Amino acid sequence: MRANGFKLGVQSAAFTLALCGVGQAADAGKGPISRQSIESKAEYCLICHGASGQGFRGYFTMPRLAGQQPQYIENQLHAFKEGRRVNPIMQNVVTAVSPGMIRPLADYLRGLNAPPHGGGPTEGAALGKRIFETGLPDANIPACAVCHGPDARGTRQIPRLAGQLYWYVTKTLTNFGRERGQRGEDSSGIMAPVARNLSPAQISAVAAYVSSLK
Ligand code: HEC
Ligand code: HEC
């Protein structure tokens with residue numbers, strides 16, 4: 001209980017700070033973006049996403065960004081900005097990120113190498129591994145590895161899942177079609193039907209598996 005209270009406290013402080021636009025000023029100027037302004041913008045992101053980008057579990061689960069594919073990060077930031085992906089927190093946050101900052105920031109986050117956050121349930125991980133590697137043809141579920149790669153590290157617009165938080169993966173797969181991909185015009189449309197076919201037990205199993213991967 002005490003630990004939870006502490007986490008919540010930290011997180012609401014982080015929220016107040018973060019939503020007050022601590023990160024706003026650094027990239028306002030014109031010209032090439034300095035290493036220093038990239039780092040200071042990244043610091044702003046890591047208030048919520050965990051000090052090493054490993055993710056954070058509080059009232060809301062903050063996804064892991066460490067080692068994430070830059071093209072995927074870039075796509076998601078644009079999707080939040082344009083309202084194609086719905087999340088009130090990130091839709092607010094992206095207003096503090098200039099277009100020229102997006103790619104350098106994504107490259108910076110990709111370079112972070114944090115161990116998995118862990119701590120989620122591990123039951124079902126063996127089934128999760130099977131779903132990930134071979135799919136469940138009878139249930140019309142493709143092998144995740146075909147797109148996300150055998151080690152779940154993703155490629156270009158396909159996200160890394162290795163080390164992603166259990167709670168974020170379950171929430172995302174459960175709500176996928178309500179939060180993104182509705183217009184079917186971006187890369188979210190590729191994933192939406194896969195998410196729709198997964199049962200809650202399969203979602204939990206695959207989340208237990210990928211969240212443990214380095
Ligand atoms: C106030 C807290 C907060 C701050 C600050 C914040 N984020 Fe987020 N971010 C979130 C939350 C919460 C989500 C999960 C959204 C969801 O559940 O769909 C998220 C999701 C994301 C995603 C989608 C990840 C995925 O795997 O799909 C990206 C990319 C992202 N944030 C990048 C950033 C960047 C870059 C910054 C800094 C400019 C930043 N965030 C700052 C809270 C924050
Ligand atoms: C045909 C290719 C393809 C297959 C097969 C596939 N995915 Fe995906 N997946 C994607 C793409 C593309 C995205 C990025 C969607 C976006 O841009 O919003 C994605 C996104 C995701 C996300 C969201 C990650 C995040 O950080 O928010 C999760 C979770 C996910 N996939 C899990 C799975 C699982 C589990 C399977 C296997 C059951 C699977 N995927 C199979 C292409 C695929």
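Modeller: The largest share of the shell around ligand 2 comes from helix α9 (a helix is a DSSP run of H or I, at least four residues), which supplies four residues. This is a predicted model, where local features need pLDDT of at least 70 and side-chain atom pairs 80 or more, while totals for chains, interfaces and linings use all residues. Residues are numbered from 1 along each chain, chains are lettered from A and ligands numbered from 1 as written, and side-chain values use heavy atoms, without hydrogens or water.

Colleague: How many residues surround ligand 2, and which are the closest?

Modeller: There are 23, each with a heavy atom within 4 Å of the ligand. Cys 144, Cys 147, His 148, Tyr 168 and Met 191 are the closest.

Colleague: What makes the pairing of Tyr 168 with ligand 2 a polar contact?

Modeller: A polar side-chain atom of Tyr 168 lies 2.6 Å from an oxygen of ligand 2, and the limit for a pair of N or O atoms is 3.5 Å, so the pair counts. For Tyr 72, the side-chain N or O atom is 3.0 Å from a ligand 2 oxygen.

Colleague: Which residues coordinate the iron atom of ligand 1?

Modeller: His 49 (NE2) and Met 90 (SD), at 2.0 to 2.3 Å. Donors are N, O and S atoms within 2.8 Å of the metal (3.2 Å for Na, K and Ca), so both qualify. His 49 sits in helix α2 and Met 90 in helix α4, 41 residues apart.

How values were computed:
A polar contact is a pair of N or O atoms within 3.5 Å; within protein, one must be able to donate a hydrogen and the other to accept it, and residues adjacent in sequence count only if both atoms are side-chain atoms. Helices (H or I, at least four residues) and strands (E, at least two) are DSSP runs, numbered from the N terminus.
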